[in-house]
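Have the model open as you read.

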Amino acid sequence: MAKITISKNKKLPFDANLVCSAVLEVLEQTDNYLVEVNMVDAQTIRSHNKEFRDKDAVTDVLSFPTLDGIRYKKVTKEDFPLDLDESGKRVFLGSIIICLSRAREQAEEFNHGLDRELCYLLTHGLLHLFGYDHIEESDDKEMRSLANAVMEKIGIKR
């Protein structure tokens, strides 16, 4: 069974494993993966956003994928032997940082719970790590559709 292992800086305040399993199922991924997830404050994510995206603003989530050209592809250990973790059993997909204070603001703004917002942000970040983006309108629609499928799979509705 495919699995994403989360390396994190502290305990996440929601069930990240549930989200990870649903993302793998929706994307039909079959291997084992490692993802670093960190919850940060507004100042930290703003600094990262400025440094890596040249946007001097607080954002909700940033993703830092390690693999290129993997959208629509099965990501396997055999295809990415140089991107395995130290155990050699998991493909390292990259890092995700989530701003907890921004997630709280958005949960309030959209009138839903913090858990739902955090699950959505992790889903969004994981989709980026698997090569999805939302620069073009068609890509945005596709990414939203996938995120909605994940949220539905874990039983979180708007």
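This is a predicted model: local features need pLDDT of at least 70, side-chain atom pairs count only at pLDDT 80 or more; totals for chains, interfaces and linings use all residues.

Residues are numbered from 1 along each chain as its sequence is written, and side-chain values use heavy atoms, with hydrogens and water left out.

**α3 against α4**

- Helix α3 (residues 100-109) packs on helix α4 (residues 114-129) at an angle of about 120 degrees, and their axes are 9 Å apart. That makes α3 oblique to α4; angles under 35 degrees count as roughly parallel, over 145 as roughly antiparallel, 65 to 115 as roughly perpendicular and the rest as oblique.
- The axes are lines fitted to C-alpha atoms over the stretch in contact, with angles running from 0 to 180 degrees between N-to-C directions.
- From α3, Leu100, Ala103, Arg104, Gln106 and Ala107 meet Leu114, Glu117, Leu118 and Leu121 of α4 (contact means heavy atoms within 4.5 Å). The residues of this contact split into 6 nonpolar, 1 polar and 2 charged. Here Ala, Val, Leu, Ile, Met, Phe, Trp, Tyr, Cys and Pro count as nonpolar, Asp, Glu, Lys and Arg as charged, and the others, Gly among them, as polar.

**α1 against α4**

- Helix α1 (residues 16-27) packs on α4 at an angle of about 45 degrees, with the axes 10 Å apart, so α1 and α4 are oblique to each other.
- The α1 and α4 crossing is right-handed.
- On the α1 side, Ala16, Val19, Cys20, Val23 and Leu27 meet Cys119, Leu122, Thr123, Leu126 and Leu127 in α4. The tally for the contact of α1 with α4 is 9 nonpolar, 1 polar and no charged residues.

**α4 itself**

- Mostly, α4 is covered: 14 of its 16 residues are buried (under 20% relative accessible area, with exposed over 50% and partly exposed in between, using a 1.4 Å probe and protein chains only).
- At 1.5 Å a residue, the 16 residues of α4 should span 22 Å, and its end C-alpha atoms are 23 Å apart, which agrees.
- After α4 comes Gly131, with a positive phi near 95 degrees.

**Thr76**

- Thr76 sits in the loop between β3 (61-65) and β4 (91-99).
- With a relative accessible area of 15%, Thr76 is buried.
- Leaving out residues up to four places away in sequence, Thr76 touches Asp31 and Val91.

Note on methods. Helices (H or I, at least four residues) and strands (E, at least two) are DSSP runs, numbered from the N terminus. The expected span of a helix is 1.5 Å times one less than its number of residues. A crossing is left-handed if the near helix is turned anticlockwise from the far one by less than a right angle, and right-handed if clockwise.
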